[in-house]
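Please read it with the coordinates open.

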Protein chains: 2
Amino acid sequence: MRLSREDVLSFEKRYRATFFNSLSGFRSLHLCGTQNEDGIANLSVINSVFHVGSSPPFLGMMLRPEGAHQHTLTNIRKTGWFTLNQMPTKFAAQVHQAAARYPEDHNEFEEVGLTGCYDDHCPAPFVAESPVRYSLKLEEEISIKANGTFIIIGSVQHIELADEELITSDGYVDLGAADLLAVNGLDAYHHTELIARYRYPKPDLPPRKIHQD
Amino acid sequence: MRLSREDVLSFEKRYRATFFNSLSGFRSLHLCGTQNEDGIANLSVINSVFHVGSSPPFLGMMLRPEGAHQHTLTNIRKTGWFTLNQMPTKFAAQVHQAAARYPEDHNEFEEVGLTGCYDDHCPAPFVAESPVRYSLKLEEEISIKANGTFIIIGSVQHIELADEELITSDGYVDLGAADLLAVNGLDAYHHTELIARYRYPKPDLPPRKIHQD
């Protein structure tokens, strides 16, 4: 089946959004915690986090200026801080509910049945139920000319892992062992299973599996 | 377990790269096809594709100026075109091998055992074994000041799906049905299983599952 640009531009609007959000592959699921100047906590669902660098550690994510990300973007600009919290599969329903558009004066943790928690170093709340979470400081805000959205680059500050055994001997963080969610599009929550890890690829050698400890 | 920024900055370099690449969640796996001015095809592994917008359709991805992405970045700048090809789990070994640094005059499709194919509208090659693939035109190149990497924003042009039944009645593209790869970090290839889809969330309603057709 072959679809041209004209074909997809003629799709009905909601059908097209569902189509393009799900077309481009499995993604991580993060709950982004922020706090406004009145101390009210905000939670939003982010499925666009990407790795920018390790040395020093940076992550990027995409935010829309209106809709579900509006409070998140405002809070990050004002406070300079946010947290990213990955969630286990058993919380899929609560995670999805966090994407609903609650009024700004509602504490979204309470609304969706999750627990906010704080660490002294950071004004943004973490999600207590998240076994893999990190705080970030706003490093760079980039405007995408093509459609008026924004990319936020954050520098990773602190990392909290529920279990240090999630890190294997070579530094790999085994997200599958924590049964963390992967998502396809805006609404399809998936469990994952490891097929194999492979060693650093070399042009003159065949693929070599890593036998995990 | 709590790791401060100082803790992770003191990690050994390769350990730190493995740690941060795998920390931030499951990602899609795309093979990016480009062609240089001499007609030599290049393949690279991209695990940073993110959704930018549906209307019109844009995708973003991160590229490093040196290393495995160097030829990809050069070719996109010169020709303005690239393809993104998702791959089924059974091709995990070939996909991983495509990340090896072959010399520029080698055809990487042949080196890794995959097949390049062309469509008249686009000078960049597709991967014939990919059941979900799309061509993109370079729309915007963004330099990330924080670490000298680049974000490429592409406008989606043509989409090729091996089976139109991958699209459900509401426009959802069921990547799990095509057994497409999800990846954790640079080397851990995963299979996925759907837990549930949920309807558009509303503040005044509990989460409601979608019963797929």
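1. Start with B:Leu63. B:Leu63 is buried, at a relative accessible area of 0%. The residue sits in strand S6 of chain B, which covers residues 57-63. Bear in mind throughout that this is a predicted model.

2. What does B:Leu63 touch, once residues up to four places away in sequence are set aside? Its partners are B:Ile46, B:His69, B:Thr72, B:Leu73, B:Ile76, B:Thr149, B:Phe150 and B:Ile152. B:Leu63 and B:Ile159 are 96 residues apart along the chain, and their C-alpha atoms are separated by 22 Å.

3. In chain B the bond from B:Ser55 to B:Pro56 is cis, with omega near 0 degrees. B:Pro56 belongs to the loop between strand S5 (50-54) and S6 of chain B. In chain A the bond from A:Ser55 to A:Pro56 is cis too, with omega near 5 degrees. A:Pro56 lies in the loop between strand S5 (50-54) and strand S6 (57-63) of chain A. Most peptide bonds are trans, so please look at both sites.

4. B:Arg5 touches A:Pro56, along with A:Pro57, A:Ser155, A:Val156 and A:Gln157. B:Arg5 is found in helix H1 of chain B, residues 5-9. Is B:Arg5 buried or exposed? Its relative accessible area is 16%, so B:Arg5 counts as buried. The cut-off for buried is under 20%.

5. A:Ile210 is buried, with a relative accessible area of 18%. The C-alpha atoms of A:Ile210 and A:Tyr198 are separated by 5.1 Å, at 12 residues apart along the chain.

6. Next, a backbone point. Most residues other than glycine have a negative phi. A:Asp179 has a positive phi of about 50 degrees, although it is not a glycine. B:Asp179 likewise has a positive phi, near 50 degrees. A:Asp179 is placed in the loop between strand S11 (150-161) and strand S12 (182-184) of chain A. B:Asp179 is found in the loop between strand S11 (150-161) and strand S12 (182-184) of chain B.

7. How exposed are these two residues? A:Asp179 is partly exposed, with a relative accessible area of 26%. B:Asp179 is partly exposed, with a value of 27%. Beyond its neighbours within four places in sequence, B:Asp179 is in contact with B:Met87, B:Pro88, B:Thr89 and B:His191. B:Asp179 and B:Glu193 are 14 residues apart in sequence and 9.0 Å apart in space, C-alpha to C-alpha.

8. Now the whole of chain A. Its secondary structure comes to five helices and 14 strands. The radius of gyration is 19 Å, close to the 17 Å that the globule rule gives for 213 residues, so chain A is as compact as a globular protein of that length. Its C-alpha atoms fill a box of roughly 55 × 50 × 35 Å, taken along the principal axes.

9. Burial and contact order of chain A can be read together. Buried residues make up 60% of the 213 residues. Take contacts between residues at least 6 apart in sequence: 58% of them join residues at least 24 apart.

10. Chain A has 19 positive and 28 negative side chains. The centres of the two sets lie 10 Å apart.

11. Finally, how do the two copies relate? Chain A can be laid on chain B with an RMSD of 0.0 Å, by a turn of 180 degrees and a shift of 0.0 Å along the axis. That is the relation of a two-fold axis. The same surface serves both copies, since 100% of the contact residues of chain A recur in chain B.

How values were computed: Residues are numbered from 1 along each chain as its sequence is written. Chains are lettered from A and ligands numbered from 1 in the order in which they are written. This is a predicted model: local features need pLDDT of at least 70, side-chain atom pairs count only at pLDDT 80 or more; totals for chains, interfaces and linings use all residues. Side-chain values use heavy atoms; hydrogens and water are left out. Helices (H or I, at least four residues) and strands (E, at least two) are DSSP runs, numbered from the N terminus. The radius of gyration is taken over C-alpha atoms; the globule rule is 2.2 Å times the number of residues to the power 0.38. Buried means under 20% relative accessible area, exposed over 50%, partly exposed in between (1.4 Å probe, protein chains only). Contact means heavy atoms within 4.5 Å. Lys and Arg count as positive and Asp and Glu as negative; His and the chain ends are not counted. The place of a charge is taken as NZ of Lys, CZ of Arg, CG of Asp or CD of Glu. Copies are superposed by least squares on the C-alpha atoms of residues with pLDDT of at least 70 in both.
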